[in-house]
Amino acid sequence: MSTRLLGAPVQRTEDRRLTTGGGSFLDDLGSDACAAAFVRSPHAHARIRDIDVMDALDVDGLIAVYTYDDLTGPMAEPLPLLIPHPSIIDGRTPYALAREYVHHVGEPVAMVVARDRYAAEDAVERIRVDYEILDAVVGVEKAMQADRIVHEGMADNVAAHLVQEVGDAPAAIGAAPNTLELDLEIERSASIPMEGRGVYARWDSARGGGLRLYSSTQTATGVRAAVAAKLELQLGQVEVVVPDVGGGFGLKIVHPWPEEVMVPWAARQLDREIKWTEDRREHFVASAHERGQQQRVRVGFDDGGRILGLDVQILHDNGAYLPYGVIVPIVTSTQLLGPYKPGAYRVEFHSLYTTTAIVTPYRGAGRPQGVFAMERTMDAIADHLGKDRVDVRAANVIKPDEMPYDQGMLFQDGRPLIYDSGDYPKMLRMITDLVGWDDFEEYREQARAQGRRVGIGLACYVEGTGPGPYEGGHVQVETSGKVRVATGLTSQGQGHETALAQVVADKLGVPMSDIEVTTGDTRRMGYSVGTFASRGAVTSGSAVAMATVRLRDKVLKIAADALEADPGDLEIIDGRVQVKGSPAQGMELGTVAVLSNPLRYAFDAASAAATQFSGAADYDRPPVPEDEAPGLEGTDFYSPLRCTFASGAHAVIVETDPATAEVRILRYCVVHDCGNLINPTLVEGQVHGGVAQGVAGALYERMAYDEGGQLLNASFMDFLMPYASEVPRIEIDHLETPSPLNPLGVKGAGEAGVIPASAAIAAAVEDAEGFRIDQMPISPSELFHLRRRHARGEIASVPRRPAHRSLTKEN
Amino acid sequence: MTEELHEIRLRVNGIVHTVSVPARRLLSDCLRHDLGLTGTHVGCEHGVCGACTVLVDGRPMRSCLMFAVSAAQHEDITTVEGLAGPGGEPHPVQRAFAECHALQCGFCTPGFLTLIAGYLEDNPDPSEEEAREAVSGNLCRCTGYQNIVSAVQRAAELRTAEVVGGPARAAEEAPAPQPHSEGGHQ
């Protein structure tokens, strides 16, 4: 190729279908399928006394009604606890349909199957459930008090408890010349993809039975294994196909959902196609949320602002059940460290049951909370010492010559928390240059003269990306010369089809237009983990690159034989294998594919060339050489040693309205390091979307539960998801510190944008207002009330900040 | 409990369909499930997200807030499947979305495309601020809107060039901008 495709801002191949109405999302499939709908608990905590379905039975179009009593075998057992961990004390998971108790509003109690969704919902509203209402437990404080218990048989609400220590933090803090204590809080938000969940199942009763399942999920192979286990099927009897997915943001990695086992189970019971498409209210109350945590930070530091000891206690709200284990609080605990080396560190979390929707990873997956704790601490240290906030960070960051840096802990993948690469001092320089940190005081004075209140803040993060265990890549050249690529993980808008095609085009030497990529289809790749933790480019990108290199070797070997040349003298340009320096001597890739597969039968002109009498044969060798396989394809798997650590810094300038307390973002700057960029346009798109969710979580979104466990804002009318009018323009500068851990030198980019947003915006609002901001999100009315409390002396002022940084060596 | 059905005629993307629906059938469901035009997506079913936007007599409307029987009283409905030109050439807003990376998962995209196509008919040359305002009634969870706003302005450019000289001329006169990245690469 004359120009490298890796690193180029290539337009997406997905967009043709998605801009013409040609996408196929879950509910676009199965036009003849019956519809499922669910009777869901209206109560946060209750015991089911009786379910009366009589009134539903005369609904026109009704096919079946199921309750827990219809379930047997593994279907009658609780859903799996997907990620066990030694810290889990009592891991509760839901039943596919509630057995006796319901533990949150929206929990499925009965399933209706009918001709269409209208009829199914007619039946749902005629089913009467008699509940004995029990006490709701909302919020971590109530959960920790344990006056009311969520789950039968438990003495308190603690699902998991973990203490991790590096050094002796309490002693280090005790001996430190300066100490501070902070109480922090972040509220719940959620992924809220535009397309909710959905499942469509087709049962084929021939030859022992087989299931084709379509699900709007982030893991095809995970759903396959989970459903096979519940339905007592062999893996070979289940195919899972993931169609176009309308966003996931972490939510859709949870599997199997109750609906995800009920729909295929009922499809087999009834021998009919069944589809369930989640509606928006169901999504709010019955899928999953994240973020809710309270944190107490104790920190000891020297007069230069260097942290000597850090002790963090976290109360984490995990909702009604623990199907995804304790990934989120583990990520908070470990990624809290960011680009810093805090000396001694102790972190303790209690993960608590409440009678609310489950808590599972949402983009960032515990990192926004961790970064909030660390970055609020950095600002507090700076204010305590009268130092510039950038200087304090510069005093604490890990230096490039300290890489790889071992934080001495185990990460969420159970492997060491060792940073592979990064240049944090440069990152700090870049973000302060981009936002104009050193010129801000001048701007503040100008604004003040106009009666305006402005503030600046920044926050840094490190993100472990690309965890294993592995992903695979399969690359095949057809006799037409077209290249088919498959990887097992799924896509929810990241542009994997484009990015992976760029990898293949670059490594194989074929045009993008000849490459077709399939993701998330167990028929094409049965070994896979899924799309989460910013791992697509790292794991599947690497696997596809390795498979392509393997395939290229085979291409060159076969072509070298045919061209009577040395493989080392060949190159592949625009889909043609040719001798370097004499391009006339060569053959199309499709011809190589023909030669790779000796045939007995001729189907067309191309295959005729591969039949047994078509050319000279070597009678001393079998048609397919030993250790070779027919066909031109390559498969490989990439299994990372451990995560690769991306990093970044955000800086924000806000203006707060002196009268209305509205917060307006004037500038939002991002420095982002995800190693080598496969496609900068796609990476920037990921950053934009992440920042939008970060701004949303900082200023607009919260899950407003009342004390009874009712979600008061379970609609787009009431949950303030930002429109274009709320999301600022984002300025991005890229730093590229390649990862030494994978063949592409890439790091994950999917989650980054959201991670430091709450911390950076809190810092900027604090800077504008002159008093501490310890809770996010912050609404205008909350800021208004904080101002009143500050005026009454109930909240301490932030000291006037130094006008300029001291230009330290580190920075 | 059998529902009464109403036979209605809907002209969608220039084709007249006759379909029997109950009175409560939403236009969005009728388009998707009765006519098989699944490009129109349903994101909330309460008229807030805009994913189901279609053009009803040229005006953007939320098809989840309209009954199919009411839609039959209008002349003409255009869905995302009907935006392309007679020869299948993409509408300027479809080209602009691809050029500007204005979509990621693509679920909300048909609603934005129909909205913007309708908007540009009345506002052929919006400023950046006007473009942002124009799309501020539709939700997108992936893009952060920045590239959607750019795509509105790019679509306006392409459309103007097309009105002057047809699609071929448009491609010549409004060459695709070099895909840009904010800031430099270090």
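Let us start with one residue pair: Gln164(A) stands opposite Val347(A) in β16(A). Eight bridges hold β7(A) and strand β16 (residues 344-353) of chain A together, and the two run antiparallel. Strands here, like helices, are DSSP runs numbered from the N terminus (E, at least two residues, for strands; H or I, at least four, for helices), and two strands pair if DSSP finds at least two bridges between them.

These strands belong to an open sheet of six, in the order β7-β16-β15-β14-β8-β31 (chain A), with mixed pairing. Its edge strands, each pairing on one side only, are β7 (158-166) and β31 (775-776) of chain A. Helix α8 (residues 327-335) of chain A packs on the sheet, where it touches β7, β14 (293-301), β15 (307-319) and β16 of chain A. The direction of α8 makes about 160 degrees with that of β16(A); axes are lines fitted to C-alpha atoms, for helices over the stretch in contact, and angles run from 0 to 180 degrees between N-to-C directions.

## About the model

This is a predicted model, in which local features need pLDDT of at least 70 and side-chain atom pairs count only at pLDDT 80 or more, while totals for chains, interfaces and linings use all residues. Residues are numbered from 1 along each chain as its sequence is written, chains are lettered from A and ligands numbered from 1 in the order in which they are written, and side-chain values use heavy atoms, leaving out hydrogens and water.

## A buried strand and its partners

Strand β22 (residues 483-487) of chain A has four of its five residues buried, so it is largely enclosed by the rest of the structure. Buried means under 20% relative accessible area, with exposed over 50% and partly exposed in between (1.4 Å probe, protein chains only).

On one hand, β22(A) is joined by five bridges to strand β21 (residues 471-477) of chain A, running antiparallel, and Val477(A) stands opposite Val483(A). Five residues lie between the strands of this hairpin, and Gly481(A) takes a positive phi near 90 degrees. On the other hand, five bridges join β22(A) to strand β23 (residues 515-519) of chain A in parallel, with Thr518(A) as the bridge partner of Ala486(A).

## Nonpolar cores

The largest nonpolar core has 111 residues, and those with the most contacts inside it include Leu310(A), Tyr419(A) and Ile773(A). Such a core is a set of buried Ala, Val, Leu, Ile, Met, Phe, Trp, Tyr and Cys residues joined through side-chain atoms within 4.5 Å. Another core, of 61 residues, lies apart from it and has among its members Val285(A), Leu103(B), Phe112(B) and Leu158(B).

## Aromatic pairs

Over all chains, the structure holds 13 aromatic pairs. Rings of Phe, Tyr and Trp (its six-membered ring) pair if their centres lie within 6.5 Å; planes under 30 degrees apart count as stacked, over 60 as edge-to-face and the rest as tilted. The rings of Tyr66(A) and Trp265(A) have centres 4.8 Å apart and planes at 75 degrees, so this pair is edge-to-face. Tyr66(A) lies in strand β3 (residues 62-67) of chain A and Trp265(A) in helix α6 (residues 258-270) of chain A, so the pair ties together parts 199 residues apart in sequence. Both Tyr66(A) and Trp265(A) are buried.

Ring pairs also link Phe411(A), Tyr419(A), Tyr424(A) and Phe645(A) into a cluster.

Notes:
Contact = heavy atoms within 4.5 Å.
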